[in-house]
Amino acid sequence: MNKLKVRVNAKINMTLDVVGSYKEGYHNLDMTMISVGIFDVVEVSLSDSICVTMDGRECDESNTAYKVADICQKEYDMPAVKIDIVKGIPFGGGLGGSSADASAVLYCMQKMFGLSDEAAQKIAARVGSDVNFMLKGGFCRARGKGDNLQALPFKEYSLVVAKGKMSANTKDVFDKFDEIGVFTHFTDQFVQGLVNEEELKFIGNGLQNVTQLLCTDMQKVIATLNKYSTYVCMSGSGSCVFAVVENMSDANLLAEGLKKTFSYVKACTTLPYGIKEL
């Protein structure tokens, strides 16, 4: 196989708690993540040298997809590849866009050249905390740095995801959390609530308060979505905010009504997979 094209889904954090930290600067997290129908399209093909383009522009070696291809070539004796990425996942939104692209390349390297599951998981852990989840997809509880995964029974939610003009820098958010943040326990309550289908009462994000200080227009996004849904929360380290609504008809109507208000608005549903071949 010389070429493979896939769509790779974004993720939403239904909950996120910072519960501690590690000496090397990482934070100890406890969160729930679920795949959603916001996606990038990634095509991987054989090449003489590694090359990554994103929406037609060439990326440098700091790109996560490039890092995966580079590790596969240098450490696992795999061929060089050309990677073309068409973005649908917004930047700086807490939806796992860079991790998604890395996972898509890993998936293609497995399918095209026989990279083992064990090797893929090791590379994923090196490249980014969310990459293993993006490769797996579905609905999971994630602990530690985000790569200790426990599968949860899949649930379908209808969502509207919105973002203002400002984007969150993950390092800045965690630095601010270290200054003023408090530990939270949304995830325990959410997972327990799944048993009685009361989990939505416990959606929450322990980083939301500090991200709002850095991305001040996020407060307007939250306030607006709160008018239409009881269940509104930030994803990841921000700055995308999602609202859980009754059904996709309601989600589409709300997204259409808000598209002129915010820089990014998308209606989507949760999905039981992370990557799909095209």
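**View 1. Serine 99 sits in helix H2.** The model shown is predicted; local features need pLDDT of at least 70, side-chain atom pairs count only at pLDDT 80 or more, and totals for chains, interfaces and linings use all residues. Residues are numbered from 1 along each chain as its sequence is written, and side-chain values use heavy atoms, with hydrogens and water left out. Helices (H or I, at least four residues) and strands (E, at least two) are DSSP runs, numbered from the N terminus. At 10% relative accessibility, serine 99 counts as buried. Buried means under 20% relative accessible area, exposed over 50%, and partly exposed in between (1.4 Å probe, protein chains only). Beyond residues up to four places away in sequence, serine 99 touches Asp130, Val131 and Met134. Contact means heavy atoms within 4.5 Å.

**View 2. Helix H2 (residues 97-113) crosses H3 at roughly 160°.** The two axes come within 10 Å. Axes are lines fitted to C-alpha atoms, for helices over the stretch in contact, and angles run from 0 to 180 degrees between N-to-C directions. H2 and H3 are therefore roughly antiparallel. Angles under 35 degrees count as roughly parallel, over 145 as roughly antiparallel, 65 to 115 as roughly perpendicular and the rest as oblique. The crossing of H2 and H3 is right-handed. A crossing is right-handed if the near helix is turned clockwise from the far one by less than a right angle, and left-handed if anticlockwise. From H2, Ala102, Leu106 and Gln110 take part; from H3, they meet Asp117, Ala120, Ile123, Ala124 and Val127. The residues of this contact divide into 6 nonpolar, 1 polar and 1 charged. Ala, Val, Leu, Ile, Met, Phe, Trp, Tyr, Cys and Pro count as nonpolar, Asp, Glu, Lys and Arg as charged, and the others, Gly among them, as polar.

**View 3. Helix H1 (residues 64-76) meets helix H3 (residues 117-127) at roughly 135°.** Their axes come within 10 Å. That angle makes H1 oblique to H3. The crossing is right-handed. H1 brings Thr64, Lys67, Val68, Ile71, Cys72, Glu75 and Tyr76 to the contact, and H3 brings Ala119, Ile123, Arg126 and Val127. Here the residues divide into 7 nonpolar, 1 polar and 3 charged.

**View 4. The buried residues of H3 are Ala119, Ala120, Ile123, Ala124 and Val127.** They cover an arc of only 135° around the axis, which puts them on the same side of H3. The arc is that of the directions from the helix axis to the C-beta atoms. H1, H2 and helix H4 (131-136) are among the elements that cover these residues. On the face turned away from the buried side, H3 carries the exposed residues Asp117 and Glu118.

**View 5. Helix H6 (residues 186-193) buries Thr187, Phe190, Val191 and Gly193.** Seen down the axis of H6, the buried residues fall within an arc of 160°, so they line one face of the helix. Their cover includes strand S1 (3-21), strand S2 (27-46) and strand S6 (139-144).

**View 6. Glycine 88 lies in the loop between strand S5 (81-86) and H2.** Glycine 88 is partly exposed, with a relative accessible area of 31%. Phenylalanine 39 is 49 residues away in sequence, yet the two C-alpha atoms are 5.2 Å apart. Leaving aside neighbours within four places in sequence, glycine 88 is in contact with Ile38, Phe39, Asp40 and Tyr264.

**View 7. Glutamate 156 occupies the loop between strand S7 (148-151) and strand S8 (158-163).** Glutamate 156 is exposed, with a relative accessible area of 62%. Apart from neighbours within four places in sequence, glutamate 156 is in contact with Thr269 and Thr270. Glycine 114 is 42 residues from glutamate 156 along the chain, and their C-alpha atoms are separated by 33 Å.

View 8. Most residues other than glycine have a negative phi, and most peptide bonds are trans. Aspartate 55 is not a glycine, but has a positive phi of about 50°. Aspartate 55 belongs to the loop between strand S3 (51-54) and strand S4 (57-58), and is partly exposed at 46% relative accessible area. Aspartate 77 also has a positive phi, near 55°. Aspartate 77 is in the loop between H1 and S5, and is exposed at 72%. The peptide bond from glycine 238 to serine 239 is cis, with omega near 10°. Serine 239 lies in the loop between strand S10 (231-234) and strand S11 (241-245).
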